[in-house]
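The sequence and the model follow.

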Amino acid sequence: MLVFSACLDAAGLAQTASPYPPTAVPLKIDQVPGKPIYYSTGNPGIPGKDNEGNTSNAGFVVTSDGAVVFDALGTPSLGWALLQDIRKVTDKKIRYVIASHYHADHIYGLQAFKDHTGAVIVAQERAGEYKDNEEIADEKASQRLDQRRGALFPWVDKTTRVVPPDITFRDRMTIALGDKRLTLLYAGPAHSSSDMMMLVEPDGVLFAGDIVQNSRIPHMNSDDVSTTQWLAALKEIEKLDPKFIIPGHGRASTEAKQAISFTRDYIQYVRIAMATAVKDWTDFDVAYDQTDWSKYRDMPAFAANNRGNAYRIYLELEQSQFKADKP
């Protein structure tokens, strides 16, 4: 376990004039009741021009010795907007920016923090695999950037770049900062290869990243997704018993168990449906069409994610069955 006491210099107050294309819709910033912990809730849908790419959640913790940011949103413009909202709350130096995992909707905003603060960017070590022009199983960084330059122009454009972490850790890292203790926990590979969470103590607040997605259909159609590990990570969150949970997408809540249950129940529902299909050698298209999706059909991101999720789980279970059949 690596323990850091923040003693790094950071830039002072951010500039007021935006160096990025401005956003039309302000961020929705809320405070954890009675705590110096704040969070932004994004649109639960898929990144597009209608929501300006603001689909994920982010947040920040104000300590007696500086601020720590968790995730940076999906465009440099949104990262800048988050930075300005932090400055409305505190003028303390931003010591760290923690990246829950390296997916575009959480990391493009790192550019604003890298260029306009002295914050140290921290991620799980497998985030280092996410590089421009390098193909990895989880997401092709350059391909995704090209896609977002079209889908989210002008907020993502030719000047937008992927900012790598400054510090990485393997399984666990603790940041001791002022009156707070921030524990970073590796939870992957689950939703991605580099999933991690941050527990803020003594407040009992958990930034869960995309391991928890409350009342929103998660994205699972990636080679690095492991629903087995994802379910195991959700069990670990239950053991932490947080008093307040901030998911990667969807509503923050004092009812952590309810938020965890939504994600777990969805994964299990799809796994059960696809497990039956794999066991009976049923074609995926037939199995998908025969499954009752009414419980989830009207939820955000269903149309974009559900079929791909089911197919990915079908392949995962099919592969595990073949391994089990080997002598």
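S194 sits in the loop that joins β10 (180–186) to β11; helices (H or I, at least four residues) and strands (E, at least two) are DSSP runs, numbered from the N terminus. The model is predicted, so local features need pLDDT of at least 70 and side-chain atom pairs count only at pLDDT 80 or more, while totals for chains, interfaces and linings use all residues. Residues are numbered from 1 along each chain as its sequence is written, and side-chain values use heavy atoms, with hydrogens and water left out.

Two buried residues are listed below; buried means under 20% relative accessible area, exposed over 50%, partly exposed in between (1.4 Å probe, protein chains only).

| Residue | Relative accessible area |
|---|---|
| S194 | 2% |
| I167 | 18% |

The side chain of S194 reaches the backbone nitrogen of Y102 at 3.3 Å. Beyond four places in sequence, the contacts of S194 (heavy atoms within 4.5 Å) include H101, Q124 and R126.

I167 belongs to strand β8 (residues 167–169). Its C-alpha atom is 4.9 Å from that of V122, 45 residues apart along the chain.

A nonpolar core is a set of buried Ala, Val, Leu, Ile, Met, Phe, Trp, Tyr and Cys residues joined through side-chain atoms within 4.5 Å. The largest one has 39 residues, and I237 is among those that touch the most other members. Of this core, α6 supplies the largest share, ten residues. A second, separate core of 37 residues includes Y20 and V156.

Terms used. Polar contact = N/O pair within 3.5 Å; in protein donor to acceptor, adjacent residues only side chain to side chain.
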